[in-house]
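Welcome to this short briefing. Have the structure open beside you, and let's walk through it topic by topic.

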Protein chains: 2
Amino acid sequence: MRRMGPVARGFLTALFVLATGAGMVNAQSNALLNIMPLPAKVERAEGSLKIDATFRIAFAGYRESRLDRAGQRFLHQVRRQTGLVLLPAKTDAGTATLEIKTDHESKVIQELGEDESYTLEVTPTGAKLHAANPLGTLRGLQTFLQLIAITPEGFSVPALHIEDRPRFPWRGLMIDSCRHFIPLDVMKRNLDGMEAVKMNVLHWHLSENEGFRAESRKFPKLHEQGSDGLYYTQEEIRGVIEYARDRGIRVVPEFDMPGHSTAWFVGYPELAGGSGPYAIERQWGVFDPAMDPTDEKTYKFLNEFIGEMAKLFPDQFFHIGGDEVNGKAWDANPKIQAFMKSHHIKNNAELQAYFSGRVQDLVAKHKKTPVGWDEVLVPGVPKTIVIQSWRGVDSLAAAAKDGYRGTLSNGYYLDLGWSAARHYAMDPLGGPAAALTPEQKQLILGGESCIWSEYVNAENIDSRIWPRNAAIAERLWSPEGTNDVASMYARMDTESARLEWLGLTHRSFQRTMLQRIAGTWTPAEFDALRALAQGLEHQKDYSREASASSPPTSLTPLNRLVDAVYPESDVSRGFSLLVDQFVSSGCKDAALGLEIRTQLSEWATIDERLQALAQRSRLVQEATPASAALSLSAKIALDALDTILKGAAIAADQKKMHLDSLSALEQQAHKSQLTIPELPAFQKVVEAASTGGLCAK
Amino acid sequence: MRRMGPVARGFLTALFVLATGAGMVNAQSNALLNIMPLPAKVERAEGSLKIDATFRIAFAGYRESRLDRAGQRFLHQVRRQTGLVLLPAKTDAGTATLEIKTDHESKVIQELGEDESYTLEVTPTGAKLHAANPLGTLRGLQTFLQLIAITPEGFSVPALHIEDRPRFPWRGLMIDSCRHFIPLDVMKRNLDGMEAVKMNVLHWHLSENEGFRAESRKFPKLHEQGSDGLYYTQEEIRGVIEYARDRGIRVVPEFDMPGHSTAWFVGYPELAGGSGPYAIERQWGVFDPAMDPTDEKTYKFLNEFIGEMAKLFPDQFFHIGGDEVNGKAWDANPKIQAFMKSHHIKNNAELQAYFSGRVQDLVAKHKKTPVGWDEVLVPGVPKTIVIQSWRGVDSLAAAAKDGYRGTLSNGYYLDLGWSAARHYAMDPLGGPAAALTPEQKQLILGGESCIWSEYVNAENIDSRIWPRNAAIAERLWSPEGTNDVASMYARMDTESARLEWLGLTHRSFQRTMLQRIAGTWTPAEFDALRALAQGLEHQKDYSREASASSPPTSLTPLNRLVDAVYPESDVSRGFSLLVDQFVSSGCKDAALGLEIRTQLSEWATIDERLQALAQRSRLVQEATPASAALSLSAKIALDALDTILKGAAIAADQKKMHLDSLSALEQQAHKSQLTIPELPAFQKVVEAASTGGLCAK
């Protein structure tokens with residue numbers, strides 16, 4: 001489920017600018033509401049409800065302890081967002097500021113497609129939240145929290161009427177806890193984040209070549225020998241499931257087979273279709289080892305294992321992976337080749353289909369519904385299976401045409417470092433799926449963002465998920481027409497700040513990492529390093545491997561600048577908008593020109609300001625190719641800007657030289673595994689300044 | 001133990017500058033070592049020990065599970081400080097990078113005065129830590145962690161030889177969990193901070209007028225009715241004690257009596273020497289209610305209560321408070337007056353002494369040693385008692401002369417907002433104590449910093465303790481002659497950053513609080529607010545009450561700018577040094593002049609940049625008196641600076657006007673309960689620019 005083709009950067013930039021321009025008016029009004037994902041229907045009313053120390057909530061209708069805990073958590077979050085002192089108090093519906101009414105219970109084990117709708121009515125004198133079941137109540141409470149804002153009169157919520165329900169029933173985040181182990185507290189705070197943006201499935205990737213992360217009591221050598229001691233106990237897993245259920249989130253475990261499974265074989269080499277011994281894989285990629293699909297012992301083992309895990313994980317769905325088997329272990333094994341011959345299995349794809357069918361039977365035997373990556377969809381596979389598509393909307397639509405349910409993950413790989421706008425543009429019902437019949441569209445259940453953890457660990461994972469994941473959450477919850485990128489960004493920025501109250505470290509992690517890199521706190525030097533970090537992004541897609549001087553492994557420290565930058569630079573985004581506006585004004589807006597000049601001048605001096613620090617810190621030194629590239633490219637843009645401001649023009653040959661230099665500097669930044677996201681804006685300034693360009697005289 | 005006389009600001013400034021100037025050379029060499037508190041003896045050697053993925057530790061000699069946990073915690077902290085991947089691995093002494101040898105066990109219940117010494121030997125090929133018992137081992141591990149630094153070759157520890165032991169055996173931090181409740185996780189991360197700077201006593205202030213915070217199973221109405229539900233269960237308390245013991249920290253509980261005790265009376269009014277009913281006190285200050293010292297029921301109750309708590313808290317010492325009884329409840333009670341007459345008790349002081357004696361007997365009966373604030377020291381009190389002095393070194397020295405043991409807290413009240421340098425200048429053996437005999441000096445056990453929580457809650461408490469507490473920790477650990485303020489600040493800044501890896505939020509809390517205040521994330525506006533916050537400090541000592549428009553209570557939200565500023569502004573400290581250097585150069589150093597000008601210009605524009613935000617946010621609006629005051633005072637300094645740079649001078653009458661304006665602006669900042677710490681530096685610029693001044697022509 002890993003590889004995607006490269007996508008031209010220019011396309012994205014064009015898309016983003018277009019969307020930004022088109023949506024401005026809408027953005028303003030939506031931004032004021034700061035709800036993310038946007039509700040199905042919002043009507044504003046006059047006035048607002050004051051939130052002060054007298055704020056109280058009361059539950060009505062159906063009651064359960066999960067709702068009480070949600071109420072406590074809600075009040076705790078109100079305290080965090082406002083700083084108000086809200087003493088614990090018994091309140092009845094008559095005196096509560098917010099009355100929360102739930103009609104009836106939801107399923108004991110949360111099911112796909114349960115009602116998550118709610119209505120929220122806020123007037124200047126009080127608010128009422130109403131939902132059919134606790135899931136809707138949970139969603140509505142999050143909406144209310146997002147509406148609390150500081151105003152000239154203090155904290156308040158605007159008067160309004162909301163009717164809300166999700167567009168898709170499956171809105172997930174997949175976390176890869178294998179390539180780097182993700183500790184329990186980090187898992188939990190990300191569940192808090194998911195609740196905040198109304199996601200409802202944690203897909204937990206628990207086994208890989210690089211680690212087996214779940215305790216098995218039947219087969220203890222799985223976690224004992226396959227994890228370096230870094231695994232979740234069954235008690236901890238039950239804790240996560242309970243934590244998730246409290247937040248209206250299902251937990252779907254994934255045990256990837258027959259490939260991506262080296263870590264299983266360390267303790268149980270007899271499962272493998274090759275010859276051991278096996279060690280935990282330290283490198284990244286697709287490796288040869290795979291389970292032996294021809295030996296009945298394999299199915300006996302998997303039957304017991306799946307039985308154990310099916311009890312541990314209550315969710316109806318059970319993910320069996322199934323992706324990226326290269327077949328080399330099978331090719332090399334005469335016993336397997338003999339089996340294929342005797343069973344008329346023509347190739348490895350058919351052999352995998354055979355394995356997959358057997359495993360699906362085991363999953364069904366233990367009363368679960370299987371989920372698999374695209375590869376499990378082969379002719380004759382039962383219609384119960386859910387296909388998770390890493391290949392794209394095309395295969396997802398094709399599957400739906402054949403009657404298979406599916407979810408989209410292509411386009412939602414957070415580790416690739418795409419912009420929020422680019423993720424936002426991906427729609428599970430986009431492309432060929434738009435032409436499906438309504439019944440076929442029903443089969444497309446939603447989507448899942450994915451964070452694969454080659455370059456992600458406990459320290460920076462939050463930053464690789466948030467805030468961009470909020471844009472994907474909106475795509476999966478809000479009505480189809482919700483496409484205003486400027487509004488999305490405005491609300492995402494607000495939500496990003498609010499997510500910090502939940503303990504997420506997606507912004508705060510950077511300062512501590514940069515301090516480690518710098519080993520200094522002298523403001524002048526440290527500020528230069530921070531400006532560098534905030535002006536760069538890590539390389540996109542899978543290009544980072546190519547730039548590494550030696551093959552990165554799970555033992556490579558993630559302590560470099562590339563690990564500390566944000567995947568999407570706010571500074572760069574703001575700068576690109578400035579340049580767009582400036583060029584749109586025919587470069588006549590002097591204030592904008594000055595603002596651009598100030599920013600360019602800062603970048604232009606960064607490399608020089610970092611020289612002394614680079615002499616003292618190896619980790620700063622490693623980033624100097626990127627700092628030199630950023631400073632030099634900013635100088636090129638600065639020269640072009642000054643040419644415009646002087647009313648002159650850049651000649652054609654010089655323009656070409658400048659643009660070539662910019663491209664070369666981008667390559668240079670790759671030596672630090674970094675990219676210069678301002679480059680299209682720099683190019684735009686050069687082009688505007690060139691003879692015949694928009695702003696040249 | 002609350003009130004102290006005002007101390008002239010000028011004194012401190014003079015002291016600071018003096019120390020800074022004097023210590024520069026020493027500071028440089030010490031700063032490189034970055035150990036805080038400084039060890040008793042350090043000898044540098046050639047080379048350094050590389051810290052990379054091969055780093056391993058091994059224990060030798062005496063073993064126990066606490067040491068194993070310390071080793072795990074140590075490795076975890078190495079990971080956090082370096083980002084290195086250190087897989088769990090079995091290592092023997094022969095192959096370990098750091099060998100940790102402990103000779104024998106320490107006491108099961110940690111005792112006052114146990115050996116905490118250690119030696120640390122680092123060579124380019126390995127390191128050896130050696131201590132008599134686990135307490136010394138814990139201290140040495142912290143020293144090693146502080147020595148890890150980034151270098152041109154990666155992470156390493158300099159080769160050296162350290163022999164270290166504490167100067168005082170009692171090095172405490174008192175946390176007031178009553179006026180605002182301090183949650184468990186906050187308590188724990190502060191214990192982590194204490195361990196990092198080698199403090200060894202948590203003094204836990206658990207009862208007050210405003211709250212009774214410990215679960216009592218014998219008298220459950222104490223916590224049930226006296227805490228708003230915000231209390232620690234006995235299990236949680238045992239967890240804190242265990243957590244502290246793991247870190248070589250004793251936990252001394254304080255139950256303050258007979259005053260500061262209104263919260264006890266909510267559930268048990270019969271204990272009080274007045275007539276109820278009583279409610280949890282919401283305001284701050286000294287209140288009338290006090291226990292009835294004349295009723296045997298009181299002692300029966302306290303006997304049972306102290307018995308229960310003496311079992312819960314294993315430490316030898318038990319703090320009974322004893323401070324600030326105003327006696328009004330006793331004056332007004334005829335029964336008490338009759339008792340005094342019949343028992344020949346002449347006044348309330350004698351009555352309190354009678355009470356105190358009875359309570360001390362109870363404490364002794366339960367095999368504990370009592371501790372009390374100054375007031376418990378009255379003629380005839382047994383020599384076993386330990387006096388905690390909030391009044392000052394004079395009374396501490398006087399007590400020692402009389403044969404009483406004592407600790408110093410006067411000068412270490414962190415909530416007063418003093419600079420680290422000012423705390424650092426306080427010495428338990430300073431003033432009259434310097435003239436004590438060696439035997440008498442032995443009676444002065446050390447000191448305790450105190451954080452009283454009127455204006456402190458879970459959100460900002462870390463910032464009110466750290467990093468300044470590290471300076472107090474150094475005063476209590478390091479040899480008497482450790483007095484180099486510049487070195488202290490350099491190492492404190494480093495330690496401050498390192499403390500963040502432990503989860504302390506003393507710096508990171510500010511951004512989230514400012515975002516709440518602003519309700520915006522637009523860089524331009526937000527940066528202005530942050531610059532304002534970082535340029536100001538909260539009012540010092542007890543002046544904040546005086547500036548409040550209505551009496552603050554425990555229900556007043558701590559969500560304003562005054563709650564979000566750092567108690568000691570780094571920016572201001574840096575600026576003052578700049579001005580000192582500039583003036584010392586006869587105002588000839590143009591680069592310094594320009595740097596000062598840039599900073600002044602930023603401050604001068606802050607108020608204007610915040611205007612729009614103040615229109616939108618009530619919380620920003622409340623800070624506008626301070627922002628206007630900062631901007632106007634910076635403009636005055638800017639004018640003066642420009643006068644210098646032009647080679648002109650300010651006339652005497654204008655100088656007076658400027659200085660008067662600056663004083664008035666400081667008063668204006670108080671309207672926001674803030675103070676302008678740059679004011680002495682601004683005054684210095686004005687004076688330098690004035691006719692006859694250092695820099696005037």
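We begin with Thr151(B), a residue of strand β6 in chain B, which spans residues 149-151. Please keep in mind throughout that this is a predicted model. From that strand we move to the contact between the chains, then to some helices, and finally to a few backbone details.

- Is Thr151(B) buried or exposed? Its relative accessibility is 17%, and because buried means under 20%, Thr151(B) counts as buried.
- Leaving out residues up to four places away in sequence, Thr151(B) touches Arg616(A), Ser617(A) and Arg618(A) from chain A, along with Ser156(B) from chain B.
- How many residues does each chain bring to the contact? Chain A provides 46 residues and chain B provides 46 residues.
- The size of an interface is often given as the accessible area lost when the parts come together.
- Between chain B and chain A, the buried area is about 3,200 Å², and carbon and sulfur atoms give 61% of that area.
- On the chain B side, the residues that lose the most area to chain A are Ile150(B), Arg516(B) and Trp521(B), which together make up 17% of what that side buries.

- Phe144(B) belongs to helix α4 of chain B, residues 134-147.
- With a relative accessibility of 1%, Phe144(B) counts as buried.
- Which residues surround Phe144(B), leaving aside its neighbours within four places in sequence? Phe144(B) is in contact with Leu49(B), Ile51(B), Phe55(B), Phe74(B), Leu98(B), Leu120(B), Val122(B), Ala127(B) and Val157(B).
- One of these contacts, Val122(B), is 22 residues from Phe144(B) along the chain, and their C-alpha atoms are separated by 9.2 Å.

**Two helices packing in chain A**

- Helix α9 (residues 296-312) and helix α12 (residues 348-365) of chain A pack at about 35 degrees, and their axes are 9 Å apart. The crossing of α9(A) and α12(A) is right-handed.
- On the α9(A) side, the residues that meet α12(A) are Glu296(A), Thr298(A), Tyr299(A), Leu302(A), Asn303(A) and Ile306(A). Their partners in α12(A) are Tyr354(A), Phe355(A), Arg358(A), Val359(A), Leu362(A), Val363(A) and Lys365(A).
- Sorted by type, the residues of this contact between α9(A) and α12(A) are eight nonpolar, two polar and three charged.

- Helix α26 of chain B (residues 624-645) has 22 residues and reaches 31 Å from its first C-alpha to its last, close to the 32 Å expected at 1.5 Å a residue. Of the 22 residues of α26(B), 16 are buried, so this helix is largely enclosed by the rest of the structure. Gly647(B) follows α26(B) and has a positive phi near 75 degrees.
- Helix α3 of chain A (residues 65-82) has 18 residues, and its reach of 26 Å from first C-alpha to last is close to the expected 26 Å. The buried residues in α3(A) include Leu67(A), Phe74(A), Leu75(A) and Val78(A), and among them are also Arg66(A) and Arg73(A). After α3(A) comes Gly83(A), with a positive phi near 80 degrees.
- Helix α7 of chain B (residues 234-246) has 13 residues and reaches 18 Å, close to the 18 Å expected. Its buried residues are Gln234(B), Ile237(B), Val240(B), Ile241(B), Tyr243(B), Ala244(B) and Asp246(B). What do the buried residues of α7(B) pack against? Their partners in chain B are α3 (65-82), α4, α5 (184-196), β9 (201-205), β12 and α9 (296-312). Just after α7(B), Gly248(B) takes a positive phi of about 70 degrees.

**Backbone details in loops**

- Met36(B) and Pro37(B) are joined by a cis peptide bond with omega about 0 degrees. Pro37(B) sits in the loop between α2 (24-33) and β1 (41-50) of chain B.
- Another cis peptide bond runs from Met257(B) to Pro258(B), with omega near 0 degrees. The loop holding Pro258(B) lies between β12 (250-254) and α8 (262-267) of chain B.
- Asp228(A) is a residue other than glycine with a positive phi, near 55 degrees. Asp228(A) lies in the loop between α6 (221-226) and α7 (234-246) of chain A.
- Gln673(A), also not a glycine, has a positive phi near 60 degrees. Gln673(A) is placed in the loop between α27 (652-670) and β19 (674-675) of chain A, and at 5% relative accessibility Gln673(A) counts as buried.

How values were computed
Residues numbered from 1 in each chain as written. Chains lettered and ligands numbered in written order. Predicted model: local features only at pLDDT ≥ 70, side-chain atom pairs only at ≥ 80, totals over all residues. Heavy atoms only, no water. Helix = DSSP H or I, 4+ residues; strand = E, 2+ residues; numbered from the N terminus. Buried < 20%, exposed > 50% of the residue type's maximum accessible area, 1.4 Å probe, protein only. Contact = heavy atoms within 4.5 Å. Expected span 1.5 Å × (residues − 1). Axes fitted to C-alpha atoms, helices over the stretch in contact; angles between N-to-C directions. Left-handed = near helix turned anticlockwise from the far one by under 90°. Nonpolar A, V, L, I, M, F, W, Y, C, P; charged D, E, K, R; others polar. Buried area = accessible area lost by both parts, 1.4 Å probe.
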